[in-house]
Amino acid sequence: MAKHETPLLDQLESGPWPSFVSDIKQEAENRAKNANNVEFQVKQDVCEDILGVLELSYKHGRTHWKHGGIVGVFGYGGGVIGRYCDQPEMFPGVAHFHTIRVNQPAGKFYNTEWLRNLCDLWEFRGSGITNMHGSTGDIVFLGTVTEQLEEIFFELTHKHGQDLGGSGSNLRTPSDCIGEARCEYACYDTQALCHFLTNEYQDELHRPAFPYKFKFKFDGCPNCCVASIARSDMSFIGTWRDDIQVDQEAVAAYVGGEFPPNAGAHKDGNWGPFDIQKEVIDLCPTDCMKYEDGKLEINNKECTRCMHCINVMPRALKKGKETGLSILVGAKAPILDGAQMGSLLVPFVKVEEPYEEITEVIEAIWDWWMEEGKNRERLGELIKRQGFQAMLDAVGIDPVPQHVKEPRSNPYIFWKEDEVPGGWQRDVNEFRKYHQR
Amino acid sequence: MAFVSSGYNPEKPMENRITDIGPKHYEQFYPPVIKANKGKWAYHEVLQAGVLKHVAESGDEVYTVRCGGARLMSVTHIREICEIADKHCDGYVRWTTRNNIEFMVDAEAKVKPLIDDLESRKFAGGSYKFPVGGTGAGITNIVHTQGWIHCHTPATDASGPVKAAMDVLFDDFKSMRLPAHLRVSLACCLNMCGAVHCSDIAILGYHRKPPMLDHEYLDKMCEIPLAVAACPTAAIRPTKVEIGDKKLNSVAVKQERCMFCGNCYTMCPSMPLADTEGDGIVIMAGGKVSNRISYPKFSKVVVAFLPNEVPRWESTTDCIKNMVEAYAAGANKYERFGEWAERIGWERFFDVTGLEFTHHLIDDFRDPAYYTWRQTSQFKF
Amino acid sequence: MDEAAARDIIVEKLKGKKGKSKFYLKDFYAFFPEEKPRTVKKLVNTMVSEGTLEYWSSGSTTLIGLKGVGKQAHAEDED
């Protein structure tokens, strides 16, 4: 017999998609049975209370959580988020229900031994409910009491060699795409760079350093599977600057219908036979390809590396050999002044250890933002407020046409005095010799 | 329930303290076939919805079976994932950015037993535990935020609407019939922890009532300067109010300036804004993050408000299903949702989807608004 | 910068602010206009690890104040 009746949530158990309600119920049952005799450090019926308070939210159409401020592990400004239930008497199991962000490994690969260790820890010292994974990328432990925070951190660091992720005005937990681990499109090792920078900037990740949050994300190619261009203050997108490699025989195999176009991703649609002219050549955004006499030609100088042709014919076309990444800055969600995409700052940089060319840019940007940014002002908002030119100046990067989609359409240039021959100090009397008052 | 110490000494927090060690190194978690062929993959193919084959230059192959799942996951469920990974995949597993679980095997013969095993597992309530799908020109898992399960400012639930939407979109999770892939995301308030602003279809929780003021307690619970500073539109100012015969310090809210973000409630629990009728869902559409063919795009608001209909959010799921079908019927091969809407024109979009165009859909928020109005004589009737 | 003196200045300044116990990092920079933000940040974080200051997090933003001072410390049942 369940502790709380949940008639509304029960209706989310049917249907084919995995039901989180069923899952929490099975956790509740397993905790009640406690087959492994775990000495639970939070209430044994915590999952019943999660369901109870969620059912109440369904009944009211309103949340029953309050925010909490001073929780965290000693010396860290992020990684823990305080949470309290606003009906603690009804749901004592979740009266305190803090979140812990655990920094996921790059690429989100796991072995089962390590996952089980995390499960054991979280069953013992928390609710047993997680997010795999949170929006930023962390493993999220959902719900424990204040007294357990240091205990969990101690076990994570001492037993499992594992640290917390970021929250607050810190560097947030960086995240990456699968990259070279299992993708032929990847132009650099996203996992290596993500892991390196995560470790390089541990202080910024754990202790407040900035006016607001700051995110890094790493996409191996312009397909942007981790959405770095939309979601990170600094976005690292793999690219190349030489020619797309073409295997003409494989092109012919696509044309001949031997290989499925778009790597088979359209298999269940009725699209008819593959038409290279219509599906590749005509869709090229720069019109830099042609297919004549059974031969595919690419005018690589005009290519903007949108990935479409490569995505459609991955066995025939491959990224160039001279690979690296582009750095874009300032992406953020809409609040407050509207959403922003990342803007191109560094068109191309090689990705080579110890990544100095990259860390130099990062630190120059941070210095500028720490100096100039207002409280709670994201990097993108500072760039808007002070201007792209001001950022280039601050980080010492020369302007190139690649920085803009088009030049400005107003002539209101704020010339600086030292840009104008002779400066601004003039003698009005000299002027008057030739111009009457 | 006796307290069990980890070894941590609260009297001396710095004693033996380990900090700043970062995450585990990714390499120890690579399956052997991944480790051996990293950076040397030749090509891939989607064999069927949910099944990928990657071939390395060495000739090695890795077969990936992708399955969906609720990102809200119990340790019991994770242990079951571990059991499957041990049984079929030598103890390795990974998650994708969109909350899918990927099981990898190194031979084709191992694929079918793995799929059969995954598809046979169901929760007691009847839903699949590990539905295989989420690849190619279909709809993959929804990325989302916490909602009523754990957040203090949500205007809707997250896990519930996601479950309801994926039930409705399930066939497109299991197949690849669409013109291109279609990404659905959910954020439970306008702060958008879920960054839904570049999704093909976005479900966004939205409050419509300014905070209430618990004057009697406000000065006891909150630091007024912080509540004032928290407001992004400077709608809050300190004031004095008379309650009975007492004059209390409190705040006043300029209600017409409120954008319903809840930042004040974060700083000050005496300013709650959640409301049964006020809160609900905004539907946005046409965004993307890929640079493929066209530039990345923001999603646009196509439905200003839908109520929170617990437990299955029928108006929201109907609206999404309707948009998906209109897109499936009208878009060209490879055309993303937003590219389709732009090609046919947004006026035609409202036509073919039957969605009502209301004044709320015309941008009036700050500078970027102007750039969304029509500055041409070209339009469709 | 003279670290000992800087610590005193920080404690002094924070005590002097009536009705407000939590501050943005930026507020600390303003106490030391001659110093680089990075230097001030390091000192503030050190003072947290020594137990003089403490962090307060809204989840999205982090504020800093004198340890144990402020209203929510009590209101939230955390003392």
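Author: A polar contact is a pair of N or O atoms within 3.5 Å; within protein, one must be able to donate a hydrogen and the other to accept it, and residues adjacent in sequence count only if both atoms are side-chain atoms. The model is predicted, local features need pLDDT of at least 70, side-chain atom pairs count only at pLDDT 80 or more, and totals for chains, interfaces and linings use all residues. Residues are numbered from 1 along each chain as its sequence is written, chains are lettered from A and ligands numbered from 1 in the order in which they are written, and side-chain values use heavy atoms, without hydrogens and water.

Reader: Which side chain of chain B joins A:Glu279 in a polar contact of 2.5 Å?

Author: Two side chains of chain B are to be considered. That of B:Lys333 makes a polar contact of 3.0 Å with the side chain of A:Glu279. The contact of 2.5 Å is made by B:Tyr334.

Reader: Is A:Glu279 buried or exposed?

Author: Buried means under 20% relative accessible area, exposed over 50%, and partly exposed in between (1.4 Å probe, protein chains only). Because its relative accessibility is 6%, A:Glu279 counts as buried.

Reader: How many salt bridges does the rule find across the interface of chain C and chain A?

Author: A salt bridge is a side-chain nitrogen of Lys or Arg within 4 Å of a carboxyl oxygen of Asp or Glu. One of these pairs C:Arg38 with A:Asp367 at 2.9 Å, N to O. Across the interface of chain C and chain A, the number of salt bridges is 4.
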